[in-house]
Amino acid sequence: MSESGDVNTKVALEELNSIQESLDKISARIFKTSETSFEVLAQFKLTSESVVEFRMQTTAGERENELLTSFYDAASKLTEYKSIKDEVYVVFHYTISPSVNK
């Protein structure tokens with residue numbers, strides 16, 4: 001999303017796909033051991049000139065603090081992405097459930 005709403009002219013599709021692929025790998029690796037169900041909202045603020053800003057919101061309780069910290073730390077390292085122009089917010093929503101194949 002962006003203020004003008006025209007994200008296609010502000011971020012390359014390849015950039016969006018790369019962020020999603022990287023974050024999906026992090027999510028799968030870290031949350032596979034979760035024993036509870038919760039949601040995670042991951043937001044990246046992209047600009048053409050500055051470093052990516054990462055924010056996270058979750059519905060998880062204290063029981064998942066270690067997993068959430070690991071996810072946050074890994075996702076925060078995804079800093080190589082840029083917008084073509086202006087600020088663009090890229091948001092991913094994950095619904096985490098305990099694995100049935102433990």
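Colleague: In what order do the elements run from the N terminus on?
Modeller: From the N terminus, the elements of the protein follow the order α-β-β-α-β, where helices (H or I, at least four residues) and strands (E, at least two) are DSSP runs numbered from the N terminus. This is a predicted model, in which local features need pLDDT of at least 70 and side-chain atom pairs count only at pLDDT 80 or more, while totals for chains, interfaces and linings use all residues. Residues are numbered from 1 along each chain as its sequence is written, and side-chain values use heavy atoms, with hydrogens and water left out.

Colleague: Ok, how many aromatic pairs does the structure hold?
Modeller: The structure holds 6 aromatic pairs, a pair being rings of Phe, Tyr or Trp (its six-membered ring) with centres within 6.5 Å, and planes under 30 degrees apart counting as stacked, over 60 as edge-to-face and the rest as tilted. The ring centres of Phe31 and Phe38 are 5.5 Å apart with planes at 80°, so this pair is edge-to-face.

Colleague: And what about Phe44 and Phe54?
Modeller: Those two form a tilted pair, 4.9 Å centre to centre with 45° between the planes. Phe44 lies in strand S1 (residues 38-46) and Phe54 in strand S2 (residues 53-58), so the pair ties together parts that are 10 residues apart in sequence.

Colleague: Switching to Ser27, is that residue buried or exposed?
Modeller: Ser27, which sits in helix H1 (residues 13-31), counts as buried at 7% relative accessibility, where buried means under 20% relative accessible area, exposed over 50% and partly exposed in between (1.4 Å probe, protein chains only).
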